[in-house]
Amino acid sequence: MATRTRRDVWKLAEWDDTLLWYSRAVREMWDRPIADSTSWRYQAAIHEYVREGDPLATASDKLPKTAEQKRYWNQCQHNSWYFLPWHRWYLLYFEAIVAATVVELGGPADWSLPYWNYSDDSNPDARRLPPAFRAQTLPDGTPNALRVNIVRARGNNGAIVAGPEYSDLTCLTEPSYEADPVGGSPGFGGPKTVFNHSGGAVGFLEAVPHGSMHGAVGGWMGRFGTAGLDPLFWLHHCNIDRLWEVWLKRDPQHVNPTDADWLGMRFDFRDAKGKAVKRKVGDSVDTAAIGYEYEDVLDPLAPGGGLESLSSVEMTMADRPIPEMVGATEGPVALTGKPTTAHVEVSAPSGPALESLEADEAPPRVYVNVENVTGEGDPRAYKVFVNGEYAGLLPMFGVAEATAQTDKHPGGGLHYRLDVTDAVQRLQSEGNWNPADMQVTFVPAEEEAAEGALESLEAAEPEPSFQVGRVSVYFA
Ligand code: C2O
């Protein structure tokens, strides 16, 4: 098998062969019926399919049989340690289908999916939609299938779609792949779960930049059921998949789970010929062995960049302290279109966090848990401040899905764990840290996300109504 090289879309010419043939293949796949597993709509439905929310539904649609839908649709893994490997297999078969379509149309044999590196500090355009995704037509004047017209509310005019917080790479400093069972680290790759389509604790990478960039692009990208219809979705996920490689390579202590429940989990796909395949998580970890590599997996957090890996303090999984809850709000907190502050009274820890405080060892980690986030609407993210100090972003991608009650959705919402240690340390050094009154402020991030990019957002968007079950604080 020849190795495909996945390249940075911003380093390609606007109509490089990769993008030209991608556009042609998308059009071709778009024309295939939804029951054909190589069609554009079937591919998006693998992620999630909601008939009522399908913008392309027509009365003449013939959906695949129920058994087919059950096995292959609504499969995406979120809020789970399967998030990364499931999306890796998903991309691999999608790429193979596009590549086969490119060949059928007379294009090159080595087509590979490019990635969108929105976190590239050396590129002032990194957080604009790449030009080929905005152009109305191809160079020959035919319509460009990479542009999503009506629905992608922002960015088609070339505006910057998000501030740097949305593409922040602090997740790469998280030493553990797996989340702590409760309260502490969200893990680089998410919590240990069984098959989990939505709902639960959000892994570090899955929150930012993954969820945040979904929201920043908006439109079809904003929902599980339509995300895969946007051709840019695939470049976004290609970058998320690349960041998994970057994380592994940047520190020898960064390792994948070795648990048999992770390695042995299998997922169903259909390959480029429509043949049924079952792929194991354990077989996804070596990209060269499954036929591709990335143009660039160098560490973007160069030494001296101020973001040192936590594992530089020699913390292995086994020594990690058990997180202890030191305070929580008494009741729920409503998030609206206006800044909202929750007050949390922190009491002294009784467990290992106190010992480390007293022994003056490495400073304890501080996590704000935002539990059971439910609801729907804009904004697509909130900025979180701790006693006025910026502490991180809370993306709303996946909240609506995790709110709905269906067989695949538990309905308990999303659970975010923000590592606010740096913010607390800044407060401490300024003499402004008062644990007796910890104020966690949620500020709707929408209006600052992209100046000038919101002009086409409909004024009729529903009032935001998000609910947080509880805000709790953990020391670890
Ligand atoms: Cu399964 Cu970015 O979504």
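Me: Which backbone oxygen does the side chain of Asn239 reach?

Reply: This is a predicted model. Asn239 belongs to helix α7, residues 231-250. At 3.3 Å, its side chain reaches the backbone oxygen of Trp116.

Me: Leaving aside neighbours within four places in sequence, which residues is Asn239 in contact with?

Reply: Contact here means heavy atoms within 4.5 Å. Neighbours of Asn239 within four places in sequence are left aside. The residues in contact with Asn239 are then Tyr115, Trp116, Asn117 and Tyr118.

Me: Is Asn239 buried or exposed?

Reply: Buried means under 20% relative accessible area. Asn239 has 0% relative accessibility, so Asn239 counts as buried.

Me: Is Asn79 buried or exposed?

Reply: Asn79 sits in the loop between α3 (66-72) and α4 (83-104). Its phi is positive, about 50 degrees, although Asn79 is not a glycine. The cut-off for buried is under 20% relative accessible area. Asn79 has 3% relative accessibility, so Asn79 counts as buried.

Me: In which strand does Asn372 lie?

Reply: Asn372 is not a glycine, yet Asn372 has a positive phi of about 45 degrees. Its relative accessible area is 38%, so Asn372 is partly exposed. Residues 366-376 form the strand in which Asn372 lies, β9.

Me: How many bridges join β9 to β14?

Reply: The strands β9 and β14 run antiparallel. Across them, Glu371 stands opposite Arg470 in β14. The number of bridges joining β9 to β14 is 10.

Me: What is the bridge partner of Ala328 in β14?

Reply: Strand β6 covers residues 324-328, and β14 covers residues 465-475. The two pair in the antiparallel sense over 4 bridges. In β14, the bridge partner of Ala328 is Ser472.

Me: Which residue in β14 does Ala334 stand opposite?

Reply: Strand β7 is made of residues 333-335. Strands β7 and β14 pair in the antiparallel sense, over 3 bridges. In β14, Ala334 stands opposite Gln467.

Me: Where is Pro209, and what is the peptide bond from Val208 to Pro209?

Reply: Pro209 is in helix α5, residues 204-217. For the peptide bond from Val208 to Pro209, omega is near 10 degrees. That peptide bond is cis.

Notes:
Residues numbered from 1 in each chain as written. Predicted model: local features only at pLDDT ≥ 70, side-chain atom pairs only at ≥ 80, totals over all residues. Heavy atoms only, no water. Buried < 20%, exposed > 50% of the residue type's maximum accessible area, 1.4 Å probe, protein only. Polar contact = N/O pair within 3.5 Å; in protein donor to acceptor, adjacent residues only side chain to side chain. Pairing = 2+ DSSP bridges.
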